[in-house]
Amino acid sequence: MLLQAAKCLGAGLATIGLAGAGIGIGTVFGALVLGTSRNPSLKDELFKIAILGFALTEAIALFALMIAFLILFAI
């Protein structure tokens, strides 16, 4: 019983990274909107950089989710 409670607590703490990823994705696309409004001629270049930033931020979220599932279902 105590082990199951510790697993649930650890998995919950591991998912805190998902909130940070959500904030990061919002920041990336907010910066894209601001950059495009300041210099519309760089729209394509800024979009490529924003997609890269989105992918890296989303990878961190997937790592956090993977750790949470490992804590819950391993051993």
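## Annotated domain

The UniProt record, an unreviewed entry, places the feature "domain: V-ATPase proteolipid subunit C-like" at residues 9–71. In this predicted model, that span is 92% helix and 0% strand.

## Overall fold

The protein chain holds three helices and zero strands. Read from the N terminus, its elements run α-α-α. The radius of gyration is 17 Å, well over the 11 Å that the globule rule gives for 75 residues, so the protein chain is more spread out than a compact globule. The C-alpha trace spans about 60 × 15 × 5 Å along its principal axes.

Of the contacts in the protein chain with a separation of 6 or more, 80% are between residues 24 or more positions apart.

## Surface and burial

Among the 75 residues of the protein chain, 19% count as buried. The accessible surface is about 5500 Å². Carbon and sulfur atoms account for 79% of that surface.

## Helix 2

Helix 2 covers residues 16–38. At 1.5 Å a residue, its 23 residues should span 33 Å, and the end C-alpha atoms are 34 Å apart, which agrees.

The buried residues of helix 2 are Ala21, Gly24, Ile25, Val28 and Leu32. Helix 3 is included in what covers them.

## Helix 3

Helix 3 runs over residues 43–73. Its 31 residues should span 45 Å at 1.5 Å a residue; the end C-alpha atoms are 44 Å apart, which agrees with that value.

Buried residues in helix 3 are Ala50, Gly53, Thr57, Ala61, Ala64 and Ala68. These buried residues pack against helix 1 (2–14) and helix 2 (16–38).

## Threonine 57

Threonine 57 is found in helix 3. Its relative accessibility is 17%, and because the cut-off for buried is under 20%, threonine 57 counts as buried.

Leaving aside neighbours within four places in sequence, threonine 57 is in contact with Ala21, Gly24, Ile25 and Val28. Ala21, Gly24, Ile25 and Val28 are themselves among the buried residues of helix 2.

How values were computed: Residues are numbered from 1 along each chain as its sequence is written. This is a predicted model: local features need pLDDT of at least 70, side-chain atom pairs count only at pLDDT 80 or more; totals for chains, interfaces and linings use all residues. Side-chain values use heavy atoms; hydrogens and water are left out. UniProt positions are given in the numbering used here, feature names are shortened, and annotations may be inferred rather than shown by experiment. Helices (H or I, at least four residues) and strands (E, at least two) are DSSP runs, numbered from the N terminus. The expected span of a helix is 1.5 Å times one less than its number of residues. Buried means under 20% relative accessible area, exposed over 50%, partly exposed in between (1.4 Å probe, protein chains only). Contact means heavy atoms within 4.5 Å. The radius of gyration is taken over C-alpha atoms; the globule rule is 2.2 Å times the number of residues to the power 0.38. Accessible areas come from the Shrake-Rupley method with a 1.4 Å probe; for residues, only the protein chains shown count as cover.
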